Protein chains: 2
Amino acid sequence: MTSAPYASRERSTKERILGAAEALFATHGFAGASLRQVTAAARVNLAAVNYHFGSKDKLIEEVFRRRLDELNSRRLAALGKIANQDETQLEDVLDAYIRPALDLSRTDGGGAAFVRVLARAYAEHNDTLRRFLSDNYGHVLRQFAAEFGRLLPGLAREEIYWRLDIVTGALTYAMADFGIIQRKSDVAERDHREAAADHLIRFAAAGLRNPSVSNSPVTR
Amino acid sequence: MTSAPYASRERSTKERILGAAEALFATHGFAGASLRQVTAAARVNLAAVNYHFGSKDKLIEEVFRRRLDELNSRRLAALGKIANQDETQLEDVLDAYIRPALDLSRTDGGGAAFVRVLARAYAEHNDTLRRFLSDNYGHVLRQFAAEFGRLLPGLAREEIYWRLDIVTGALTYAMADFGIIQRKSDVAERDHREAAADHLIRFAAAGLRNPSVSNSPVTR
DNA sequence: GTTTGAATCAAACGATCGTTTGAGAGTACG
DNA sequence: CGTACTCTCAAACGATCGTTTGATTCAAAC
């Protein structure tokens with residue numbers, strides 16, 4: 001009924017928990033953010049987490065699933081529009097890979113926080129999480145590798161993966177705003193991230209096109 | 001360097017704590033690794049941490065200081081040998097920046113673990129730790145930026161920092177072994193890291209040399 | 001032999017952790 | 001009405017956390 005004792009909530013309890021968890025995991029890490037912090041920030045009862053998600057670990061997994069499903073479907077959609085076409089440039093594929101991550105980091109609903117959560121997951125080096133990411137989203141990377149391979153016929157498959165790995169590392173680092181470059185006060189955060197993505201795409205394109213293949217130690 | 005294998009019993013209590021803390025922080029994070037785990041792994045009494053270091057936070061800081069001081073000086077020493085010389089190549093400067101991190105990750109006694117700890121520190125986004133790292137590394141980064149600027153006269157100072165930021169991100173990611181590339185069983189870990197550094201240097205050199213700059217120049 | 005002080009130890013401190021419980025509020029349907 | 005079901009709530013559970021305490025060990029100094 002509309003005669004609830006307190007004001008009706010705009011968002012459900014589950015959604016408020018997910019949002020608060022995302023922000024706090026980004027700031028304090030998975031072990032560092034307690035369920036008491038999460039439920040206090042979400043203004044829900046402590047027991048609501050275990051009621052709705054079962055456990056803290058399941059909550060963490062759900063925080064990932066909610067964002068990654070959308071991120072990777074966007075990546076695949078962008079890739080589908082340009083894959084196997086004659087006029088496709090390397091920058092287009094990089095854009096399909098990087099831009100959705102940038103867009104995610106700009107969404108109002110906590111996407112920026114999630115990008116830091118994602119970076120943290122890499123750092124955690126947790127095998128369970130790695131398996132979860134590999135199982136659910138490994139096919140995305142494989143499709144991008146195939147398209148990069150088509151556009152870079154001079155590179156072996158393994159070389160493609162080495163370089164994609166470097167791009168992913170730089171992307172993770174950049175989108176999580178780890179960097180040494182501090183955003184100036186007169187630059188909006190989205191403009192800062194836009195500039196970061198722009199630099200990253202250009203840098204990555206040059207690195208990917210590099211004809212120098214390493215099968216011997218670096219000359220000096 | 002002077003530590004022999006299986007010498008843990010002869011090492012001091014402080015050193016055993018530092019080694020065990022480094023390994024456990026790398027695996028479980030700063031919040032995730034308890035002092036009980038650390039002291040059990042080091043085979044010392046629980047109270048030894050607070051006796052020798054004062055607190056867990058001070059222990060964390062000491063784990064960093066021990067490694068960063070050496071990495072710091074090695075990078076500057078390598079840079080000092082090639083800076084401001086006519087025959088210096090871009091790859092030489094990148095090598096001076098990247099190779100000490102690789103060497104650190106190959107040292108016995110926990111260096112590889114520390115690289116993961118360092119990557120985790122970036123992910124933690126903790127202001128205290130960032131300040132600590134900035135104080136220790138700020139001048140190093142500035143010296144490298146100056147040398148890169150000399151070798152890349154076509155790039156603005158800010159562009160140099162953008163690209164160095166990307167290199168640092170990829171280096172952090174690669175050295176911490178976050179990557180999707182799984183080391184094959186017949187490849188030794190040091191060979192795997194050597195290959196990663198080799199790929200990274202080539203990739204970074206191509207990215208740094210890229211004449212294409214952002215179409216939205218920043219005015220100072 | 002006595003004293004001194006650093007180092008180690010078992011034990012316990014209070015705080016906080018994730019999780020569980022059981023009662024109660026609210027809603028829907030007969 | 002009664003019943004059933006979903007959700008919320010305060011409270012407490014046992015476990016583990018970082019830290020502290022006080023006794024004990026032991027080698028060097030006096």
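1. Start with E70(B), which pairs with R74(B) in a salt bridge, closest N and O atoms 2.5 Å apart (a salt bridge being a side-chain nitrogen of Lys or Arg within 4 Å of a carboxyl oxygen of Asp or Glu). The two sit 4 residues apart in helix α4 (residues 56-82) of chain B, about one helical turn; helices here are DSSP runs of H or I, at least four residues, numbered from the N terminus. E70(B) is partly exposed at 38% relative accessible area, and R74(B) is partly exposed too, at 35% (buried means under 20%, exposed over 50%, partly exposed in between; 1.4 Å probe, protein chains only).

2. A caveat: this is a predicted model, where local features need pLDDT of at least 70 and side-chain atom pairs count only at pLDDT 80 or more, while totals for chains, interfaces and linings use all residues. Side-chain values use heavy atoms, without hydrogens and water, residues are numbered from 1 along each chain as its sequence is written, and chains are lettered from A and ligands numbered from 1 in the order in which they are written.

3. Then look at helix α5 (residues 90-106) of chain B, where D95(B) and R99(B) lie 4 residues apart. They form a salt bridge at 2.8 Å between the closest N and O atoms. D95(B) is buried at 18%, and R99(B) is buried at 16%.

4. In helix α7 (residues 127-151) of chain B, R150(B) and E147(B) are 3 residues apart, with a salt bridge at 2.8 Å between their closest N and O atoms. R150(B) is partly exposed at 31%, whereas E147(B) is buried at 4%.
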